[in-house]
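Trainee: I'm new to this one. Could you walk me through how to read it?

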Amino acid sequence: MTELLVVDGVSKAFGGVQALSGCSLTLSEGSIGGLIGPNGSGKTTLFNVITGYVRADSGQVSFKGKQVTGAKPDQIFGLGLGRTFQLTRIFSRLTVLENMLVATQQQESWLRSVARGSASAAEHERAMELLAFVGLTRLAESQAGILSYGQRKLLELAYVLISDPAVILLDEPAGGINPTLIEEIRSRIIELNKSGTTFLIVEHNMEFVMGLCDKVTVMDMGCAIVSGPPAEIRADARVLDAYLGSVEEADDDA
Amino acid sequence: MVRRIGIGVWSVIFVLLALVPVIEGNPTFTSIGVFTLIFMSSASAWNGFSGYSGYISLGNGVFYGTGAYALTVIALDAHMAPSGDIFWLVPLAGLIAAIIAVPFGFIALRVRRHTFVVITIAIFFVFQLLAYNFSFTGGSAGLLPPTPNWVGNTYNDPFYYVAFAVLVFTVLLFWGIRRSRFGLHLLAIRDDEDRARGLGVKVLRIKMLGFVLSAFVTGMGGAIFAFFIGQVYPQYAFDPVFGITVALMTFFGGIGTISGPLLGALLLEPIEQYLTIQYSVGSLYLIIYGALFLLVILFMPRGLVPTIGDWRRFVRVHLAQRREKVLPAKGDAVVGDDVAGDVPAVTTGMQ
């Protein structure tokens with residue numbers, strides 16, 4: 001398996017707070033990677049650096065063998081790297097269907113967007129397919145602002161999918177979601193992974209991460225401290241010390 | 001169906017607008033008409049950028065003033081005869097305003113929300129100051145564009161029809177944009193610009209294009225205004241109240257909708273003109289505007305058009321509930337369907 005995404009020694013400080021200090025990580029093509037660690041360990045900052053929302057102070061990110069350090073979010077997305085946010089971010093005053101259409105056809109020139117409708121028949125059909133995939137067909141014409149938190153998570157996943165990204169970074173896909181919906185999201189991820197999409201998932205729900213991921217990376221104090229298959233991670237002394245700790249603490253995080 | 005009724009009503013209004021000089025040839029009336037048409041397109045242009053993207057500009061007076069001076073300076077420098085030919089300068093003046101919008105946008109569109117509002121005001125006053133101090137603008141003495149020697153009673157008519165043509169162009173332009181992918185991207189920027197960037201939207205270029213198109217239309221309005229009143233002075237061409245007026249007209253009618261700014265300008269501009277003519281106090285309308293907007297903010301913060309839509313739905317739901325009392329067996333389904341089906345349509349349709 002080739003390494004699709006390589007993060008090499010990335011550091012980032014916000015004022016006096018060192019959010020990332022020399023963090024490295026690799027993600028193999030076709031895998032589901034997990035990223036865990038205590039709150040404030042730099043997981044979301046790492047996502048922001050990878051997707052171009054935050055510029056790293058030092059270190060490099062490469063995607064599909066290409067340097068993407070310092071690229072803008074729209075460029076990163078154009079290369080096939082999509083993400084969701086921890087606190088879901090949808091376009092609340094657009095309809096659910098319009099939300100889906102924002103990300104269609106990244107390849108075309110931005111000037112052409114003036115002279116064409118908001119969606120071709122094929123794009124419309126694809127958007128409806130994906131809405132069916134996440135079970136939101138019924139709400140296609142509704143304003144996205146009325147969706148529940150869980151439905152927003154599904155919509156966010158669906159509108160990232162519309163451009164067929166090679167890699168999707170999910171920031172806490174199971175956070176604040178009821179068990180049935182978590183199961184729903186898990187099965188969607190597995191299904192997409194089988195058809196070739198690579199995932200990197202930040203999540204505090206250990207059951208979710210350990211059951212789903214091929215490889216788990218643990219972060220603490222802005223560094224990736226250890227990385228390996230779930231079984232290995234569970235037993236690692238450093239991980240127990242930094243994050244999993246005693247059984248009760250692990251429950252708190254979930 | 002709401003959409004179809006809306007298009008029907010507006011078609012009738014536009015046909016009536018087109019016939020105004022024929023029906024009521026009174027110069028006072030057509031003069032009010034010219035201003036109303038200019039403000040209908042300028043408010044639509046403001047809405048087409050600020051309403052769609054959420055970037056509230058109070059500096060659109062820059063484009064109005066630029067258009068006014070562009071037509072006047074070119075007509076004078078080219079020694080154009082005082083005839084209808086000068087109308088050909090209207091699109092050119094719009095183009096010059098659009099060009100001005102590029103550096104303006106390049107500076108202002110990097111910041112958001114309150115900072116953007118403040119920067120647009122600041123840039124506006126820079127332009128007003130320039131108009132006072134440049135020699136080619138005539139400074140505070142202003143300039144007088146060539147005035148055609150058309151006969152009194154129908155003098156206003158050519159201005160009226162040119163303003164009407166610009167309005168039709170404007171409505172078609174922003175109606176098309178609302179349905180285009182570009183328009184969808186502007187709306188996405190309004191809701192969450194950073195998220196839109198992360199979905200591949202080239203936000204700065206999209207915002208810039210919206211700003212430039214808005215400037216083009218506003219510049220054409222300014223050009224007609226200058227030619228019509230036959231004089232340009234810095235304080236009237238670059239009028240700080242202009243930027244506020246187009247914004248308030250849009251808020252009054254319903255921001256982000258196609259018909260909101262049209263309705264807002266159609267209702268407010270005649271009142272403003274009437275008060276100015278009737279009482280010869282140029283600023284009386286500001287008091288009326290202030291009171292009116294207080295009422296709008298208190299009772300219909302989203303503006304007329306969306307609120308009328310809400311009332312219609314309220315009445316329908318209410319009627320459905322009354323039916324429910326008569327037919328308790330079917331009631332639940334009727335009410336439920338109405339609520340679920342209607343709530344989302346509130347701000348998304350063109351209404």
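Mentor: Helix 7 of chain B and helix 8 of chain B are oblique to each other, oblique being what is left once angles under 35 degrees (roughly parallel), over 145 (roughly antiparallel) and 65 to 115 (roughly perpendicular) are set aside. Bear in mind that this is a predicted model, where local features need pLDDT of at least 70, side-chain atom pairs count only at pLDDT 80 or more, and totals for chains, interfaces and linings use all residues. Residues are numbered from 1 along each chain as its sequence is written, chains are lettered from A in the order in which they are written, and side-chain values use heavy atoms, without hydrogens and water.

Trainee: At what angle do helix 7 and helix 8 of chain B pack?

Mentor: Angles run from 0 to 180 degrees between N-to-C directions, with axes fitted to C-alpha atoms over the stretch in contact. Here the angle is about 140°, and the axes of helix 7 (residues 181-197) and helix 8 (residues 203-229) of chain B are 10 Å apart.

Trainee: How many salt bridges cross the interface of chain A and chain B?

Mentor: Side chains of opposite charge can pair when their charged atoms come close. The rule asks for a side-chain nitrogen of Lys or Arg within 4 Å of a carboxyl oxygen of Asp or Glu. It finds 6 across the interface of chain A and chain B. One of the pairs is Asp192(B) with Arg89(A), at 2.8 Å from N to O. Asp192(B) lies in helix 7 of chain B and Arg89(A) in a loop of chain A, so the pair joins two chains. Asp74(A) also forms a salt bridge with Lys202(B), at 3.7 Å between the closest N and O atoms.

How values were computed. Helix = DSSP H or I, 4+ residues; strand = E, 2+ residues; numbered from the N terminus.
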